[in-house]
Amino acid sequence: MSSRDNILATLRANRPDPAAHPLPPVAMLGDMDNSRQRFENALQLLGGQILLPEEGDTLATAIARRFPDAKIICSAVPDFEGTIRIEDIESPQQAAATDVLVVRSPFGIAEMGSIFLSEAQLNSLNSAAHLTQHIVVILSEDNLSANMHTTYLERPEFHTANYGVLMSGPSATADIQGVLIRGAQGVRSLSVWWE
Amino acid sequence: MKVKPVNHAKAAEEFLEDAPHLTFHDERLWDMRQKRDQQMHLLPEWQDLRTRASEIKEHTLANLPEYLEQFEANAKKNGIHVHWAKDGEEHNRIVAEILEQHGAKTLIKSKSMVTEECDMRAYLQPRGVTVTETDLGERIQQLDDQLPSHIVVPAVHKLVPDVARIFAKNYNTDPNDNSPQSLAEAQRMAARPVILTSDAGMTGGNFLVAETGTFVVCTNEGNADLSATVPNLHIATLGIERLVPRMADLGVFVRLLSRSALGSPITQYTTHFRGPQKGGEMHIILVDNGRSTRLGMEEFWTSLKCIRCGACMNTCPVYRRSGGLSYGAVYSGPIGAIIDPTFNERKYSTLPFASTMNGSCTNVCPVKINIHEQLYKWRRVLAEHHELPFVKREIMHMAGKLMGQPKLYRTAINGTEVALSTLPRFVLYNWLNPWGKHRELPHPVKQTFHSWYKQNRLKKDKAQ
Amino acid sequence: MKIGLFIPCYIDAFYPNAGIATLELLEKLGQDVEYPMDQTCCGQPMANSGCNSDAAAAEALFVRNFAKYDAIVMPSGSCTHHVRDNFDAIPQTDDVKHVRKNTFELVEFLHDILKVEEFPWAEFPHKVGLHNSCGTLRALRTASMSELGEPFFSKPMDLLSKVKGISFATPKRPDECCGFGGTFSVTEEAVSARMGLDKVRDHHQAGAEYIVSADTSCMMHQQGCAERGGVPIRFIHIAEILNGARA
Ligand code: SF4
C-alpha cells in the first residue's frame, strides 16, 4: 500500500465519530466597521504608514518627498511612471535592486490594516513585493472589507489567485532579545496612498 | 540500548542558575502573554472564536480522510504536486528526490516545526544540499546547532551578546555589537545573496484549505515569501492535521493565531498559496509522522487541534523558568509535554511531570485543548506503562497503602517508628530531601489537629 | 445539615491552627460539625503522580468516613478538586457519588451554600495579598481567571471584604501558579522553589504584610521559599482571618 493509502486507512480506522462533531456554520463575528479610520489605526499599529498628500501633491511628488534617495522606483500601475516598469523587470535578481515599488491593491481589511497583493498586481513577479526596499500601495477607501470573516466571504481573489498575500505593515522581527525591529527581511516600510 | 528519559529537572536547574537569561526569558514571555490578554480584551467575541475554532478543528479531524482527499484533488487541479509521507524518513527522502530531479544543491527555508520533527537538515546536509534557515531566530539556532527553544520565537532564550557572538563567528560582525538593529541588519545582508542564488525554497505552513487546495503561511519577517517566490521551485511541508474545510474558516483562525502568539492582531504576512507561480513548480508534502495514530488515542487526539501559536508556552510558569531546551524535544512547554510522549514514550516520560497542572495553558489555548487535563491523563498512562522512576512508584505505592490504614497512618504521623514495609527510611528521605535545597521546612508544631480535636472536642463531648 | 470535616494530612501535621479555625468558624456559624477520627488522605498525591490505583485505599477510606454526612467541608482547594473531579480509583457506588457531589472547599461552602453575610467577630488590620491556588481558581472556579477575560469576581475576596480593617495588595501576576504542585515540589525542586520565591516577592513588592490563601499546601511551600529567600512576609489561612485572628 502507498503511504497515502496507508495514512488514509489509519485515519479512517482511528478517527472519532464524525456524527459527534458537526461543522459549525461559517462564522460572521466581530466589528463590522469598514471605515478608513479603522484601517489606518490598525495599519499604524503594525508599523505601516499613510502617505499623506500635501497641498498640490501627486503620488509622484509625495513619493519623491518621502523617498528622496530612491534611485530605482518600480511601477506596477499604469497611472504612475517611476524609473522602471515592472513589466521590464526580468528576474528576482533584477527586482532586488528596487528601492520603491508602487502597486495597487484590490482591497484592504479594516480590522487588520492589511492590503492584498497577488500575481495579478505584480505582473506575476511575486518576489518583487518582497525584494524591494520599500513598498507604496495605492488603495481605495471603497475597497475596504470590515474584518477577516467578511474578507474571506467577499473577496473572489482567494479562489482565483495562485499567490495571494495579505501584507500588514512592513516585515518585522523581534527575534533578538524581544526588540521589535521593523524592516526585517522583506520590505523596510509599507505606505498606503489613498485614491 | 535503552533510551534514557529526558532529565528536565536537571536541565531546568542549570537554566535557573543564569540570572540575566532567566529574568529576560520569564519577562519576555510574560509580556507576550500580557499582549495576548490585551488583544483578547479588545474582542468581545474572543471566547466565541475559541469555541468555533475548536469545533471546526474537531470536525475536521473527525473527517480528516475525506478532507485530505478533497484538498489533494483541488491542489492537483491547481497544478501542485502532492506527496504523502508516513514519517520523517520518508519526508526527507521525498525532499531529497525533488531536489535531485532539479539538480538543486542549495535550499533556503522558512521556519517549519515539521522539518524539525523530521530532522531534515541532518538528512540533506550529507547528501550535498546546503540548507539555510532564513527566519532570524531559526537561523540563530541553526548557527548555534540547537533546536528551536520555542515554536514561535526560536531563540527567545538568548540575549543580544549571545547573538553577537554567533554572528561574529559566522558573519564576521563585531562580537561586541550590542544593537539588535544592527544584528538584524547583518542577518538581512547575509541572507539576501543566499536567497537570490538559491536553487530551491521551502516553507512550512499554518493551514490547508480543503475547499480550494490552498495552503496558508503566516509569518512576520518576509523570509517565507522570499523563500517561496525567489526560487522557481517551492516545496512546502505541512502536518496532515493542518486542515480546515472552507476558505471562510480561515477568518476564525487568522483572527486568533497571532493575537494568541505575540499579541499582534495579525502576522505581517498571511500568504495564500493556491498554485505554482508563473514558470515555477510547487510541491506539497503532507506529513503523518505519528498523527494518524494519535487520532486514535481517545484521551489525546484533541492535541491535534493545535495551531502552534505558542500561547501555552508563554503562559506556562514552568516553561518560562526552565527554557525550551530543557524539554529535550522538538516541541517544548505544555503542548510539547502532551505530544512528545506520542513520539517516544520512554524518552519523554518525564515531561508530563514537568508541570504543576495549574491549567493556565488550557485557558489561553485558542483551540481549547484541555492541556492540563491531558497532562494528568498522561501521568496515569505512563504509570500504567511502567514509565515512572522506580523510587517514585514505590513511594506512591507505600503511601497509598499507608493512607488506607488509619491506625498505621496515625502512628507514622505521630513520629513513632513505623515499619516501612517496602522501602527503607533513607530512601524516602532522600526522595523528599530536595524540598530543603532552596526552601525551609515547615515549622514543627506542638500538637496535630487530630490530637487537638481529641483533647478539645471528644473529651468535652464525654464530659457533657 | 450534618457536616463532616476533612483536614488534609499536611494541615493536620504542620498547620493545625488552620484546621482549628475552620472547625471553630463553622461552629460559630451554627453548624453541626464532626471530624471523623479515622481519616487520612483523599488520595490526591498518588493520583496526581499517575499512580491512580494506589489512591484506591485512601479513596475507599475517605468514602467510609464521610458517606454519612450531608456535606463534607475541607480547608483545601486541591483536595476538593481531587474528590470532585478525579476521584475514580474506586467503583463509583452511590456512596462515592454522594461524597463527590457534596464535598466543598471552605470558601465556596461559606460563600455559596451558607451565603454568610458577615463575620462580626473578625478584624484584621493588615494589608494582605490573596493567593488563589490553581485548584480553587481554575478547577473550583472560586475567582475569575485572567486568561479568560471574564468579569472580575472573587469569592475569597468577597468574604475577606467583610472583615474589619483589612486591605488588599495587588501583585503583578495575581493568578500565576506558585509552583507547589504536589510531588512537583520535590521532583522539580529548582523550578518549584524559584516559582515560590517569585510569587512571594511579587506579593511583598505589592506591599502585602501577609499572604492569605484557602490552600495551606501552597503556603507551606511559599513560606519555605520566603524564609530561605529572606522575604519578610507572613502567612495565614483564610479560615483563621474569618474566625477572628488579629495577627
Ligand atoms: S496547544 Fe493551544 S496554546 Fe499551545 S501552541 Fe497549540 S494552539 Fe497554541
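Trainee: How do you know that β9(A) and strand β9 (residues 269-273) of chain B pair, and in which sense do they run?
Mentor: Two strands pair if DSSP finds at least two bridges between them. Here there are 5 bridges, in the antiparallel sense, so the two β9 strands qualify as a pair. In general, strands of a sheet pair through backbone hydrogen bonds, either parallel or antiparallel.

Trainee: Before we go on, what are the ground rules here?
Mentor: It's a predicted model, where local features need pLDDT of at least 70 and side-chain atom pairs count only at pLDDT 80 or more, while totals for chains, interfaces and linings use all residues. Residues are numbered from 1 along each chain as its sequence is written, chains are lettered from A and ligands numbered from 1 in the order in which they are written, and side-chain values use heavy atoms, with hydrogens and water left out.

Trainee: Which chains have the most contacts among the 2 pairs that touch?
Mentor: Chains A and B do. Contact means heavy atoms within 4.5 Å, and 70 residues of chain A meet 91 residues of chain B that way.

Trainee: What area do chain A and chain B bury between them?
Mentor: Buried area is the accessible area (1.4 Å probe) that two parts lose on being put together, summed over both. For A and B that comes to about 6900 Å², with 59% on carbon and sulfur atoms. D175(A), I176(A) and Q185(A) account for 11% of chain A's buried area against chain B, more than any other three residues. Chain C and chain B bury about 6100 Å², 60% of it on carbon and sulfur atoms. Over there E147(C), R173(C) and R228(C) lose the most area to chain B, together 11% of what that side buries.

Trainee: Why is the link from E66(B) to R15(A) called a salt bridge?
Mentor: The rule wants a side-chain nitrogen of Lys or Arg within 4 Å of a carboxyl oxygen of Asp or Glu. The closest N and O atoms of E66(B) and R15(A) are 2.9 Å apart, so the pair passes. Likewise R321(B) and D198(C) meet at 2.7 Å, N to O. The counts are 7 salt bridges between chains A and B, and 8 between chains C and B.

Trainee: How many residue pairs are in polar contact across the interface of chain A and chain B?
Mentor: A polar contact is a pair of N or O atoms within 3.5 Å; within protein, one must be able to donate a hydrogen and the other to accept it, and sequence neighbours count only if both atoms are side-chain atoms. By that rule there are 43 residue pairs for A and B, both residues at pLDDT 80 or more. Several elements of chain A supply at least two residues each to the side touching chain B, including α1 (3-14), α6 (148-154) and β9 (163-167). The most comes from α1(A), with 8 residues.

Trainee: What makes a sheet in chain A open, and which strands are its edges?
Mentor: It has 6 strands in the order β1-β12-β7-β4-β2-β3, with parallel pairing. The edges are β1 (49-50) and β3 (84-85), each pairing on one side only. Inside, β7 (residues 134-139) and β12 (residues 189-194) of chain A run parallel, joined by 6 bridges, and L139(A) stands opposite W194(A).

Trainee: Last one: which residues come nearest to the ligand?
Mentor: Near means a heavy atom within 4 Å. Of the 13 residues around the ligand, C306(B), C309(B), G310(B), C312(B) and C365(B) come nearest. Ala, Val, Leu, Ile, Met, Phe, Trp, Tyr, Cys and Pro count as nonpolar, Asp, Glu, Lys and Arg as charged, and the others, Gly among them, as polar. The shell then splits into 11 nonpolar, 1 polar and 1 charged.

Note on methods:
Helix = DSSP H or I, 4+ residues; strand = E, 2+ residues; numbered from the N terminus.
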